[in-house]
Structures are given as C-alpha cells and as structure tokens.
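Dear colleague,

I am passing this structure on to you, and below it I have set out what was found. Please read the notes with the model open beside them.

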Amino acid sequence: MKELNVNLTRTTTRLASVIAGLIAFPLPVAFFILVLQFNLAAMNDEAKIRADNLSALISTNPQSWQLDEARLQELIKDLNDTGLPESRRVVDVNGRVIVQSFDSNEYRGPVEALEALDPRNALTIARRSDLMDSGKVVGRFEIMRDVRPLLLETALVSLLGLFLGALVLVVLRVYPLRALKLTLATLAQEKERAEVTLQAIGDAVVTIDGRGTVQSFNPAAERIFGYAAAEVVGQSMKMLMPESFGNAFDSYLRRYPDTGQPYLTGVEREISAQRSDGEVFPVDLRISEFYLYGRRQLIGSMRDVTERKRAQVEILQLNANLEARVEERTAQLKFANEQLRIVTQRLRQLAAHQEGVREAERTRIAHELHDELGGLLTSARFDISRLGQLPGIPASPIEKVRDTVDAAIGSTRAIISDLRPPVIDHLGVWRAIDWYARELANRRGLRRQVVIAPELEDVTPAHDVGICLYRLVQEALNNVVKHAEATSIIVNVRRLPTGLVEVETIDDGKGLSSEDLAKVGRWGVMGMRERVHSHGGELTIESTPGRGTTLRATLRID
Ligand SMILES: Nc1ncnc2c1ncn2[C@@H]1O[C@H](COP(=O)(O)OP(=O)(O)OP(=O)(O)O)[C@@H](O)[C@H]1O
Ligand SMILES: [Mg+2]
C-alpha cells in the first residue's frame, strides 16, 4: 500500500510537471512569435501604403521631389501604437537618407536608441517598399522597429507562464492525488473488510480459475477440509472431492467454454466433498462466477452439512418410530371403538328388549286390571245399583258408594288406557296418534293440527313399530305440555321419497338448548332416541330459543 502511494505520488508529479511545462514554456514563445508576426505584417502593409503615397508625390514632381522635405516628412510621419520604438525613412537609389522620422507614442526610452535604429541591427526588424516613378525605382521607403521592448514583455509573459505552470502543477498534483489516495484508502478498507469477512465466515470459500486451479482458500475451508491454504492454492480443485465427482466437475469446466452452460452456478446443491484424511462428507455448494482481468473465475462457498444430515436421519428415524406408534395406537383405538360399537349395539338391543318386555308387561297389567279389577268394579257397580233398589236402604250413602265406584272405574280405565291405549288395537296407530294429540290438546287448551298422510292410511305397521311411533308422539307431546309453554302443537306423519316414514312434532314454545338435553336423570328424549334407533331410524331435534321445537323421527315401518 505504501509503495503504491509512493508510485502514485511520483506518477502524478511527473504528469503535473509535464502539463505545467507545456503551459510555462510555449506561452512566452507563442506570445513573442505572435506579436512579432503582427508587427511585421502591420509594417509590411504600412510600407506599401506609404510607398504608394510617396510614389504619387514623386510622379507630380519627378525632378525635385527630394527637395520637398516638409511634404516628405508629412507623408512618412504617423502615430505608432505598438509600443515599440520605430523609425521611418526615405532613401534614394544610392542609399542616401533623404528624410527620417522617429516615432513611438508609447516608447519612453532614450531618443538615441531610436536614432540608432538600423535595419542591419539584430534587434531591429525592418520592412521596406520601393518608390516608383514611371515604372522606375527612384528610392525606397523603410520602417524599422526595435524589438527590445517586445523581448522585455516576453520576459514578463515568461514569468506569468511560470506562475501559471506552477499553479497548474500544484493543482494537478494536489487534488487528483488526494482523490486517488482517498479512493485507494477506501478500496483498501473494502479489501480489508472483505478479507475479515472471508476469515470470519463459517463457510468454506474457495476461489478457482477457469481450469479448476485453486486461487484462494479461507480459514473455514482449512478447518473443514483439514488442509492448510498453502497446500491447496495452486492445486486442482479435484483434491477436495471424491474422485467420481472431481472428474465430473473437471469435465464440466473443460466443456464450459464450448457449451457456455453455467449449470453449476447460481443454484445451491448438495454434493460430496472429501477431507484431507479421505473422509467423504456432504456439503451445500453454491458457485458464483466472475471475471478477473478478463479471465473467468469461480468462487464456491461450501457448508458442511454433516450435522444437518445426521439430524435429518434422526428425524426420519423418529418419524418412522412415531408413525409405527401412531399405527399401533390407531389399531388399539380401532379395536376399542369396535368394542364400544358392539357394546352400544348390545345395549340398544337390550334397551329394545326391555322396551318390548315393558310393553308386554304393560299389556299384561292392563289386561289384568281390565279383566280382574275392571270386572270386580263393574260387578260392584251392578251390586250397588241393585242395593239401591231394595226397600228401606237410605239413598244417600248408596249414591256416595256408587260415585266412588264410578270414580274407581274411571281411574282404572285411564290407567289401562295409558298402559295400553286400546285405540292402537282398535283403530290402528295413525288414528291412535290422532286421538292422543286431540285428547291432550283438548285437555290442556292447546291449538292442534294433526296431518297423517293419506297414503299411510292403509299401511299397518308391525305391532312393535306401531307402539314405538305412538310412544314417541306421546313423549314428545307430553314434553310440550310439561316444558314448552306452547300455544299450539302440530303433528305431521308422511312417507319420504326414500320410503322411510317421518313423524314430526312441532310446537311454538320457548325452545330448548343442548344443556336441557344433557340434564341428568331425564330419560324421555333418550328413550325416544333409543326406540327409534332400535328400529334402525334416526331422531333429530331442532330448536331456536323462543321459537319452538321441532322433533323429527325417520324410520322404516315396512
Ligand atoms: N318441547 C320442548 N320444549 C321445551 N323444552 C323441552 C321440550 N322437550 C324437552 N325439553 C327440555 O328437555 C329436557 C329433557 O327432556 P326429557 O323428556 O328427556 O326429560 P323430562 O321431560 O324433563 O323428564 P322425563 O324423564 O320425565 O321425560 C326437559 O327437561 C326440558 O327442559
Ligand atoms: Mg319428558
């Protein structure tokens, strides 16, 4: 860096000196030549004009023009504004001076100097022109100027040139040099930063030329590959790879100038690299291309991914284990689910069986009540009637007993009807449903609408299905009465296009929530669901708080 600075200073100084010299020396020379040329040209012109004027005077007085000194003086006299001492004279053909005039408006020097002006003098410039008379030369007119003041001025211009040259030298030397030094310092800083980065970077950074020869090898590369930079720089890149990949890489590099296909550059790929001890290990390689002094260079950065690969293998192993465990657990769950399904099915079967048993029991009790208790009560009623017809028996206790027996008969019938609605047997299930809804609505003062689809009129479901449908409507309507605070009930029974029968109860009460259905110790809804399930059907309940409840059961009845 220091050497570069010295060279730079020397070169800049030389360059500035040449430019300063080019300004300092040609300037006075050019000034002198230009002013001299100007003077000579002016003198030439003037000599010609004066000679013409004088020739005109001579032609008017060819014999005695030489004597008309005053007129001659008049013709040669003039103001000179060049600043150079000047002398003009008219000379005859023999070289005799006829008239002479000295003139310099600017000249402040001694008159003798003017008088000494002689065309033969080295410091005098002269121009002359012939005086003619009838085509004959009769004399000449001469102008002479002393160039010493011009030399003095030239010397002053030289000083100015030197000053300007020195100024240019200083400016050219100082400013560009300062800018160059600043640029150099910046470049040096950048280089240092790049070098520090290269040293500090965790990835191996290797630069190779177009033939695969290693140009640089950073400390991380030394650490990862186990080589010192000096061992690798200048060697083929192949030594850092297993043989097969090294050959492939080599042939790519050789083919590249023809194909121009940068298939390795720009993308990151995983390749195998080889350490100095021969261990092959995986690296992520990214190659970038650049040109240094017109020559192709490749810079490859490599990251040792051995640990990552190991972690990946571990993760894969863990995943495989996990999957195996998940599979195992899934199988266990499947088994448990199957068990649960079987248990649920058994429970449902049990529930259906119990329902059947309960219904049978109800029927039996209803029959017993009807045949035994009903029979007894009827005969008691008959006996009481007969007792009332006997003489001497007071009427009022008899009537009291008869009313009590009538009430007992009424209650027994109601119990029998609840246990085993006779209408199912007598009228069929559809009419029984219609009858129950009417009875309940009438008793509770509710508006009601019962629609049994006509196509079902002739369909008689199996006995247990009929009981299921009847109990379903019975519980649903009882719930309306018990909980809904409704003003109307609707019962629809229809056949769906699928062939299933849908029984729907709708009320306009307060509605219910899922919490209501989850209440402990309530069996109504659960019982309905189980009944419907036991016949292969489904039960759904839709409700919006404050806008009633719709209960829908669909099941096959034939
Ligand atoms: N139509 C309805 N409108 C409003 N709430 C209702 C309706 N039907 C049922 N519920 C609510 O759902 C709950 C559960 O009904 P479910 O028939 O299972 O039990 P329950 O009628 O209370 O008792 P039970 O076991 O005697 O039938 C009821 O307690 C009630 O809060
Ligand atoms: Mg209920």
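Which residues are the protein donors of the magnesium ion (ligand 2)? This is a predicted model, in which local features need pLDDT of at least 70 and side-chain atom pairs count only at pLDDT 80 or more, while totals for chains, interfaces and linings use all residues. Residues are numbered from 1 along each chain as its sequence is written, chains are lettered from A and ligands numbered from 1 in the order in which they are written, and side-chain values use heavy atoms, leaving out hydrogens and water.

The donors are Glu475 (OE) and Asn479 (OD1), lying 2.1 Å from the ion; donors are N, O and S atoms within 2.8 Å of the metal (3.2 Å for Na, K and Ca), and since water is not among the atoms, sites may look incomplete. Glutamate 475 and asparagine 479 are separated by about one helical turn, because they are 4 residues apart in helix α13 (residues 463–484); helices (H or I, at least four residues) and strands (E, at least two) are DSSP runs, numbered from the N terminus. Glutamate 475, at 22% relative accessibility, is partly exposed, whereas asparagine 479, at 17%, is buried (buried means under 20% relative accessible area, exposed over 50%, partly exposed in between, with a 1.4 Å probe and protein chains only). Just after α13, glutamate 485 has a positive phi of about 55°.

Elsewhere, strand β5 (residues 204–209) pairs with strand β9 (residues 295–304) in the antiparallel sense over 6 bridges, where pairing requires at least two DSSP bridges between two strands. Valine 206 has glycine 300 in β9 as its bridge partner.
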